[in-house]
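Here are a few friendly notes to read alongside the model.

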Amino acid sequence: EDADAARTLADEIIADEKANESDKAMASRIVGSMLLNGDDQSQAMGYLQRAMEFNGLNNNDHYEVMFIIAQLQAQEEKYAEALTTLDRLLTETKSQDPNQLVLKANVLLRLERYPETIAVLKPVVDATPEPNPQWLQLLLAAYAESGQTAEATALAEQVAAKTPGDKRSQLNL
């Protein structure tokens with residue numbers, strides 16, 4: 001629970017000539033994850049990126065760290081970097097994880113690549129019995145920004161009908 005002490009220990013492990021890549025990667029991952037809860041996201045990112053560079057994590061940890069890095073890049077509005085990280089993640093894992101795909105769609109939307117946003121997001125929405133309302137908002141925005149007003153209107157009507165008490169969905173309609 002002491003991030004400063006953990007960082008000191010991790011830095012010692014990383015600097016130790018006797019430590020192997022797995023030791024260094026895990027130390028970096030642990031400190032990076034601890035720092036996520038603090039105010040210094042850039043230091044967390046640095047440790048997590050180092051964990052990736054050491055290439056000593058097992059597959060699950062490796063890809064979890066890669067997804068966290070993509071999320072941090074998106075939060076810092078480094079959309080091109082986030083997209084590169086996500087594309088690598090999705091290519092290497094062949095993942096169809098909705099959370100990963102929705103993050104990619106969100107990044108594509110921010111990059112104003114609306115047709116690609118729709119191509120990534122629509123299958124996720126269609127495959128989910130009760131899609132997250134935020135996913136629908138992203139898809140609605142992509143339709144609207146791409147000039148697909150009929151699709152945007154139909155989706156807005158669908159969302160508004162399902163959530164009659166939600167002011168945002170009513171305003172979107």
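1. Start with how helix 5 and helix 6 run relative to each other. In this predicted model, the axes of helix 5 (residues 79-93) and helix 6 (residues 98-110) cross at roughly 150 degrees and come within 10 Å. Angles over 145 degrees count as roughly antiparallel, so that is the word for this pair of helices. The crossing of helix 5 past helix 6 is left-handed.

2. Which residues make this meeting of helix 5 and helix 6? From helix 5 come Tyr79, Ala82, Leu83, Leu86, Asp87, Leu89 and Leu90, and they meet Gln100, Leu101, Leu103, Lys104, Val107, Leu108 and Arg110 of helix 6. Sorted by kind, the residues of this contact are 10 nonpolar, one polar and three charged.

3. Now pick out Leu86. Setting aside neighbours within four places in sequence, Leu86 is in contact with Phe67, Ala70, Gln100, Leu103, Lys104 and Val107.

4. Finally, look at Gly38, in the loop between helix 2 (21-35) and helix 3 (41-54). Gly38 and Gln75 are 37 residues apart along the chain, and their C-alpha atoms are separated by 15 Å.

Note on methods:
Residues are numbered from 1 along each chain as its sequence is written. This is a predicted model: local features need pLDDT of at least 70, side-chain atom pairs count only at pLDDT 80 or more; totals for chains, interfaces and linings use all residues. Side-chain values use heavy atoms; hydrogens and water are left out. Axes are lines fitted to C-alpha atoms, for helices over the stretch in contact, and angles run from 0 to 180 degrees between N-to-C directions. Helices (H or I, at least four residues) and strands (E, at least two) are DSSP runs, numbered from the N terminus. Angles under 35 degrees count as roughly parallel, over 145 as roughly antiparallel, 65 to 115 as roughly perpendicular and the rest as oblique. A crossing is left-handed if the near helix is turned anticlockwise from the far one by less than a right angle, and right-handed if clockwise. Contact means heavy atoms within 4.5 Å. Ala, Val, Leu, Ile, Met, Phe, Trp, Tyr, Cys and Pro count as nonpolar, Asp, Glu, Lys and Arg as charged, and the others, Gly among them, as polar.
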